[in-house]
Amino acid sequence: SRKKTTIIEINGDNTPGSYCEQCGFIRPTRSKHCYELGQCIARFDHYDTMVGNAIGAKNHRFFVLMLLFEAVYYLWSVVI
């Protein structure tokens with residue numbers, strides 16, 4: 001069977017890479033579909049199993065802060 005292809009024109013520009021087949025809508029720039037969560041994530045970085053969530057635009061700074069606090073904690077525990 002042949003896969004159905006959808007061509008979307010936005011202002012006369014064909015942008016097939018910005019359409020999400022799984023979600024069925026046009027994705028914003030730098031967003032990707034997270035298969036673990038089943039939705040598109042803006043500025044998708046990765047899915048973190050330790051956090052249990054996708055790291056993207058809304059929680060990236062909190063993820064970096066968590067990594068910083070973990071590094072400080074590990075360094076502090078080695079010194080003591």
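View 1. Contact here means heavy atoms within 4.5 Å. This is a predicted model, so local features need pLDDT of at least 70 and side-chain atom pairs count only at pLDDT 80 or more, while totals for chains, interfaces and linings use all residues. Residues are numbered from 1 along each chain as its sequence is written, and side-chain values use heavy atoms, with hydrogens and water left out. Helices (H or I, at least four residues) and strands (E, at least two) are DSSP runs, numbered from the N terminus. Of the 80 residues in the protein chain, 20% are buried. Buried is under 20% relative accessible area, exposed is over 50%, and partly exposed is in between (1.4 Å probe, protein chains only). The protein chain exposes about 6,700 Å², and carbon and sulfur atoms supply 57% of that. Areas like this come from the Shrake-Rupley method with a 1.4 Å probe; for residues, only the protein chains shown count as cover.

**View 2. Ser31, in the loop between β4 (25–26) and β5 (32–34).** Is Ser31 buried or exposed? Ser31 counts as buried because its relative accessible area is 7%. A polar atom of the Ser31 side chain sits 2.8 Å from the backbone oxygen of Pro28. Once you set aside its neighbours within four places in sequence, Ser31 touches Ile41, Ala42 and Arg43.

**View 3. Arg30 and Arg43, two residues with positive phi.** Arg30 is in the loop between β4 and β5, and its phi is near 65°, a positive value in a residue other than glycine. With 58% relative accessibility, Arg30 is exposed. Arg43 belongs to the loop between β6 (39–41) and β7 (46–48). Its phi is near 50°, again positive in a residue other than glycine. Arg43 comes out as partly exposed, at 42% relative accessibility.

**View 4. A nonpolar patch on the surface, made by Phe62, Leu65, Leu68, Phe69 and Val72.** Together these residues have about 520 Å² of accessible area. To join a patch, a residue needs over 30% relative accessible area and no salt bridge; like charges are joined within 9 Å, and nonpolar side chains (Val, Leu, Ile, Met, Phe, Trp, Tyr) within 5 Å. A salt bridge is a side-chain nitrogen of Lys or Arg within 4 Å of a carboxyl oxygen of Asp or Glu. Look for Phe69 in helix α1 (residues 60–79); it counts as exposed, at 55% relative accessibility.

**View 5. An aromatic cluster of Tyr73, Tyr74 and Trp76.** How many aromatic pairs turn up in a search of the whole structure? There are two. Tyr73 and Tyr74 have ring centres 5.8 Å apart and planes at 55°, so this pair is tilted. Tyr73 and Trp76 also make a tilted pair, with 6.4 Å centre to centre and 40° between the planes. Rings of Phe, Tyr and Trp (its six-membered ring) pair if their centres lie within 6.5 Å; planes under 30 degrees apart count as stacked, over 60 as edge-to-face and the rest as tilted. Both Tyr73 and Trp76 lie in helix α1, three residues apart, which is about one turn of the helix. Tyr73 is partly exposed at 49%, while Trp76, at 53%, counts as exposed.

Conventions. Polar contact = N/O pair within 3.5 Å; in protein donor to acceptor, adjacent residues only side chain to side chain.
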